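Subject: Structure for your review

Dear colleague,

Please find below the structure that I am handing over to you. I would be grateful if you would look through it together with the notes that come after it.

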Amino acid sequence: MTTAAGTESGLGNLLAQGTVLAGRNLRHRATAEMAVMFVVFPLIFVFGFLLLFGRLFDARGLDYAQFLPPAIVAQWMFTVANTSGAASAADRACGMYRRCLVMPVNRGAIALGRVASEAVWAFVAAVVISATGHLAGFRFHGGIAATVGFVALAVAFALVLTAATTAVGLSSGDPAAVAALLNLPYLALIMLSTAFVPADAFPGWLEPVIRNSPVSVVIEALRSLASATPAWTEVRGALVWVAVLGVVFGAVAARALRRTR
Amino acid sequence: MTQWGIEVEHLRKEFDGTAAVADVSFTVGAGTLLGLLGPNGSGKTTIINCLTTVLSPDGGRAVVDGCDVVRDPAQVRSRIAVTGQFAALDEVLTGRDNLVLFGRLLRLSKGQARERAAELLDRFALGDAADKQVRTYSGGMRRRLDLAASLVVPRRVVFLDEPTTGLDPRSREELWQTIRQLRDDGATILLTSQYLEEVDRLADRVVVIDAGRVIAEGTGDELKERVGGQVCEVTVPGAGREAARDALRAASREVGEHGELLVVPVTHPSQLVEIVRLLDDRGIEIDNVTLRRPSLDEVFFTLTGGAGATPDDRDGASRRGPTPQRDPTPDGVRGAAAGADGRRS
């Protein structure tokens with residue numbers, strides 16, 4: 001009999017096992033439900049909001065077809081992260097997580113598997129929504145580098161959020177509860193941002209909060225990257241937020257991965 | 001290679017100041033099967049979790065296949081197969097894909113993983129359902145696939161935590177067959193169970209734990225010897241029962257009562273005759289007399305003296321009296337196992 005087959009240390013194992021887990025995560029969620037969530041819903045949101053608010057904002061001189069899609073992208077990064085949190089909870093509930101713990105599987109591979117699969121989902125969502133926006137009149141005016149930056153920022157934002165939801169999912173282990181719980185911060189943060197209306201549409205006392213919320217800052221950076229004149233100052237603010245939240249949520253997720261049994 | 005597959009010395013694990021495992025020591029000889037017998041909440045799963053590196057012990061030492069679980073957890077993980085109380089599988093994937101996934105995680109090539117999956121599906125009689133989603137599997141199929149998944153790479157030490165809980169008698173028998181096969185192939189196996197019958201049928205040696213401590217150790221026969229070998233049940237209708245109980249106690253026998261039944265541990269079948277004669281001499285009318293093997297409840301009652309239940313183990317505590325098998329339990333399997341054990345039905 002083979003005795004000590006399968007090892008877990010080293011970069012080779014981290015990458016190989018992370019890739020296997022990422023593939024499994026992707027396959028796991030490649031369901032009709034997810035197709036609806038990632039293709040049909042963005043279509044409904046883009047065209048629905050345009051129909052609702054398009055004329056209103058056009059009258060104010062705001063091109064809503066250009067304004068809206070970056071917000072839908074940011075919104076969908078939340079969806080990627082929230083479904084990922086529920087998937088982490090499900091992995092714990094069904095014992096998959098536990099099995100990985102007693103197998104010679106690199107501890108980092110579990111995290112890498114999540115990061116990689118959510119990066120793919122986030123990329124797909126960003127592309128689908130941008131394409132949908134294109135039908136409605138949305139354009140990338142800033143050139144190739146800015147367009148790549150747009151997608152990269154969106155994916156980075158999704159991964160930062162995923163770190164937080166992974167921690168929640170692993171700690172809870174109840175997929176339904178996690179999905180419900182994560183809707184609260186998601187709705188609050190999206191509502192209290194410049195996602196659907198400009199900051200000056202909020203009451204004056206609330207405006208500074210709205211302007212500086214990380215969600216607003218990221219959405220404004222995405223808008224800037226899609227505009228004819230991408231502004232580094234806007235992008236820099238978003239990068240700072242993503243970096244800060246990445247460190248904080250990353251630490252929280254690492255702690256959850258270490259402690260969850 | 002050492003003589004021991006598993007060595008546990010003064011293992012201790014606390015949760016929030018309460019010792020789930022207070023002080024447990026035992027060894028499992030290489031290539032043998034040890035049954036860890038205990039009620040719910042006695043610490044069985046915590047011991048398994050410490051030995052499989054899921055939890056780190058608060059005290060003592062544990063060595064698995066020569067590797068210390070605290071100092072060298074990665075080495076331990078690369079030597080063990082673990083099947084937990086609940087199947088740990090990907091419900092969305094097919095049985096085959098689950099096995100391929102775990103093979104790939106263990107760094108087998110795609111081809112090797114597929115080949116090994118096919119082999120295991122065949123060996124564990126899952127060939128027909130190989131390409132169906134696991135969520136459609138029955139309880140028995142799930143358990144077999146779970147065990148197969150833990151053996152994608154052959155392992156020298158196998159942990160089975162209550163492997164047959166929730167299975168119908170036929171699935172249970174099939175799984176037992178598989179476990180015997182594993183041991184015959186030379187694996188060291190640590191199996192936990194709540195069923196005396198199960199460890200009796202499978203284990204070379206048995207360690208009985210209660211409230212996080214070892215309360216008895218030996219072969220199945222030795223343990224049954226200690227608890228009186230067999231149990232005599234006497235059905236006495238009406239008023240004669242008290243007289244019968246007092247008469248038996250006067251003859252220095254332990255007597256448990258359950259409705260119309262008096263339950264008397266005996267060390268030899270011939271004592272049945274003595275009991276009947278004793279009651280007959282006093283003119284006490286008897287409806288029925290049966291002899292059966294003691295249930296786990298009775299084993300625990302005898303070994304613990306009815307004490308030692310953990311505070312969080314109300315279920316175990318209430319079961320611990322010398323009651324016959326017919327007490328309603330929520331777990332159908334337990335009833336089935338007891339039925340076979342008690343030879344009543």
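Predicted model: local features only at pLDDT ≥ 70, side-chain atom pairs only at ≥ 80, totals over all residues.

Chain B has 345 residues, of which 47% are buried. Its secondary structure consists of 13 helices and 14 strands. Of the contacts in chain B with a separation of 6 or more, 69% are between residues 24 or more positions apart. The domain assignment divides chain B into domain 1 (4–223 + 312–341) and domain 2 (230–292). The centres of these two domains, taken over C-alpha atoms, are separated by 39 Å.

Strand β9 (residues 205–210) of chain B is largely enclosed by the rest of the structure, because five of its six residues are buried. Strand β3 (residues 33–37) of chain B pairs with β9(B) in the parallel sense, over four bridges, and here B:G35 stands opposite B:V206. Strand β10 (residues 213–218) of chain B runs antiparallel to β9(B) and is joined to it by five bridges; in this pairing B:V206 stands opposite B:G218. The hairpin of β9(B) and β10(B) has two residues between the strands, and B:A211 takes a positive phi near 50 degrees there.

As to the contact between the chains, 25 residues come from chain A and 28 residues from chain B. On the side of chain A that touches chain B, the elements giving two or more residues are α1 (11–28) and α4 (96–102) of chain A. The residues of that side comprise 12 nonpolar, eight polar and five charged.

Yours sincerely,

Technical notes:
Residues numbered from 1 in each chain as written. Chains lettered and ligands numbered in written order. Contact = placed C-beta atoms within 7 Å. Nonpolar A, V, L, I, M, F, W, Y, C, P; charged D, E, K, R; others polar. Buried ≥ 20, exposed ≤ 12 C-beta atoms within 10 Å, placed from the backbone. Domains from an automatic or database assignment. Pairing = 2+ DSSP bridges.
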